[in-house]
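Subject: The structure I promised you

Hi,

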Amino acid sequence: MPDNAPRKIEIFRAGTHTAMSGREVTMTTEDLDAIAKAYDPAVFAAPLVVGHPKTNDPAYGWVKSLSVEGDTLVAEVDDVDPEFAQIVRD
């Protein structure tokens, strides 16, 4: 499969997490399901970045769709930069 072919990656798990602001936030599987159902790349395609988009550019690919598998939010990604994909594999 070419490096820029669509593939799935885990991006977030349900549970209690600490936000960049230091505040604790609890996300349930129901919250993740709502996020997945609301995601529409035609409105805004989420970029693949290291960190968060406002603090760590550039985009190395794009999120094509979101789904929930168990307690995990999963992104189907597309158009992934081949050099970035190799760095992740390494």
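Two housekeeping points. This is a predicted model, so local features need pLDDT of at least 70 and side-chain atom pairs count only at pLDDT 80 or more, while totals for chains, interfaces and linings use all residues. Residues are numbered from 1 along each chain as its sequence is written, and side-chain values use heavy atoms, leaving out hydrogens and water.

**The overall layout**

The chain has 2 helices and 5 strands. Helices (H or I, at least four residues) and strands (E, at least two) are DSSP runs, numbered from the N terminus. Starting at that end, the order of elements is β-β-β-α-β-β-α. Of the 90 residues in the chain, 20% count as buried. The chain's accessible surface is about 6,200 Å², and 55% of that belongs to carbon and sulfur atoms; these areas come from the Shrake-Rupley method with a 1.4 Å probe, and for residues only the protein chains shown count as cover.

**The sheet and the helix across it**

Now find the open sheet of 3 strands, ordered S1-S5-S4 with antiparallel pairing. Two strands pair if DSSP finds at least two bridges between them. At the edges are S1 (7–13) and S4 (62–69), each pairing on one side only. From one strand to the next, the twist averages 30°. Between S1 and S5 (residues 72–78), which run antiparallel, there are 6 bridges, and Lys8 stands opposite Glu76 in S5.

Helix H1 (residues 29–38) lies across S1, S4 and S5, running at about 145° to S4. For such angles, axes are lines fitted to C-alpha atoms (for helices over the stretch in contact), and angles run from 0 to 180 degrees between N-to-C directions. Contact means heavy atoms within 4.5 Å. Among contacts between residues at least 6 apart in sequence, 47% join residues at least 24 apart.

**The hairpin**

S2 (residues 15–18) and S3 (residues 24–27) pair in the antiparallel sense over 4 bridges. Gly15 stands opposite Met27 in S3. The two strands, S2 and S3, form a hairpin with 5 residues between them, and Gly22 in the turn has a positive phi of about 100°.

Which residue other than glycine has a positive phi? That is Asp79, with phi near 55°. Most residues other than glycine have a negative phi. Asp79 sits in the loop between S5 and helix H2 (82–89), and counts as partly exposed because its relative accessibility is 49%.

**A loop residue to look at**

Ala46 is in the loop between H1 and S4. Leaving aside residues up to four places away in sequence, Ala46 touches Tyr39, Gly61, Trp62 and Val63. Ala46 and Val63 are 17 residues apart along the chain, and their C-alpha atoms are separated by 5.3 Å.

**Salt bridges**

How many salt bridges does a search of the whole structure find? It finds 4, where a salt bridge is a side-chain nitrogen of Lys or Arg within 4 Å of a carboxyl oxygen of Asp or Glu.

- Glu69 and Lys8 meet at 3.4 Å, N to O. This pair links distant parts of the chain, with Glu69 in S4 and Lys8 in S1, 61 residues apart. Lys8 is exposed, at 54%, whereas Glu69 is partly exposed, at 42%.
- Arg13 and Glu10 meet at 2.8 Å, N to O. Arg13 is partly exposed, at 43%. Glu10, Arg13 and Asp71 are linked in a network of salt bridges.
- Asp33 and Lys37 have their closest N and O atoms 3.0 Å apart. The two are separated by about one helical turn because they are 4 residues apart in helix H1. Lys37 is exposed, at 67%, and Asp33 is partly exposed, at 31%.

Happy to go through any of this together.

Cheers

Note on methods
Buried means under 20% relative accessible area, exposed over 50%, partly exposed in between (1.4 Å probe, protein chains only).
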